[in-house]
Amino acid sequence: MKKPRVAIFDFAGCEGCQLQIVNLEEELLQLLEVVDVVEWREGISDQSPEFDIAIVEGAITRPQDVRRLEQIRARAKVLVALGACASHGGVNKLRQRLDLAAAKRIVYGTAAREEFLVSGPVQAVDEVVSIDARVEGCPIDRQELGNVLRTLVLGGEPKVPNYPVCVECKRAGNICRYERGEICLGPVTRGGCGARCPSFGMWCYGCRGSVDEPNIHAARAVMERYGRTVQELEERLALFGSR
Ligand code: SF4
Ligand code: SF4
Ligand code: SF4
């Protein structure tokens, strides 16, 4: 059977999600038994006019990005949004909380030049074109990417967990960060990371975006118990552009 051709593209982001692909190491060799990587600026010098699966990292911030993404979509049978920037806009969306002149001053100071400036709204990939799958996280979980790719190669539809991080956190037996006086986004954030941050002594900062229908009533009860508000949760969820 001919192996599906995979092409990896990047837009606005730190490339940390692509780095996770590099870090797959032995797992990468196993994946290459089921797919051919035909274009990937960060990993190989080849380019290809044709591919079956496009993996897109990063947010869309300029008109030329929109055109490029539309061309990628037109050439791909399947398109995967990779990471928080591609899935939600990610930290790039914080720019939209400022006017452009203020953002320019903060980032570039007196060295700012016109061509440095983003000139369009910051958008997630699925705000511009349709997507077939997403891999959540900032950065992504390497194993999750492997599972998504294998499912796609077999013609399946990858499932994104739709339960909150708290489920995995409770299962791991962690002491809740609220007991330590901290705010944790676990009650409203999509699980699937194994509650990585609370398990390593940090609160969840919501990198996997919100679950589809957050249980606001339950979250409100938790917030009230600890003298916090749901608005504080929502405000913090905005860090990764979660909609
Ligand atoms: S999701 Fe995070 S790690 Fe991935 S490209 Fe964006 S900022 Fe970097
Ligand atoms: S709020 Fe955070 S620390 Fe507490 S159970 Fe949920 S994920 Fe774990
Ligand atoms: S615990 Fe929260 S911030 Fe940490 S990896 Fe999971 S979703 Fe992301």
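Into which domains is the protein chain divided? In this predicted model, the chain comprises domain 1, spanning residues 5–153, and domain 2, spanning residues 165–240. The centres of the two domains, taken over C-alpha atoms, are separated by 26 Å.

Contact between the domains involves ten residues of domain 1 and eight residues of domain 2. On the side of domain 1 that touches domain 2, helix α4 (residues 83–88) contributes the largest share, three residues.

The largest nonpolar core contains 40 residues, of which Ala54, Val56, Val80 and Leu82 touch the most other members. Two or more residues are given to this core by each of the strands β1 (5–10), β2 (36–40), β3 (53–57), β4 (78–82) and β5 (133–135), and by each of the helices α1 (16–22), α4 and α6 (142–153). Apart from neighbours within four places in sequence, the contacts of Leu82 are Cys17, Ile55, Val56, Glu57, Val135 and Ile140. A second, separate core has 13 residues, among them Cys193, Ala195, Cys204 and Leu233. In soluble globular proteins, nonpolar side chains tend to be buried together.

Ala238 lies in the segment that follows α10 (230–237). This residue is classed as partly exposed because 16 other C-beta atoms lie within 10 Å, a count between the limits of 12 or fewer for exposed and 20 or more for buried. Although Ala238 and Gln96 are 142 residues apart along the chain, their C-alpha atoms are separated by 11 Å.

Technical notes. Residues are numbered from 1 along each chain as its sequence is written. Chains are lettered from A and ligands numbered from 1 in the order in which they are written. This is a predicted model: local features need pLDDT of at least 70, side-chain atom pairs count only at pLDDT 80 or more; totals for chains, interfaces and linings use all residues. Domain bounds come from an automatic or database domain assignment. Two residues are in contact if their C-beta atoms, placed from the backbone, lie within 7 Å. Helices (H or I, at least four residues) and strands (E, at least two) are DSSP runs, numbered from the N terminus. A nonpolar core is a set of buried Ala, Val, Leu, Ile, Met, Phe, Trp, Tyr and Cys residues joined through C-beta atoms within 7 Å.
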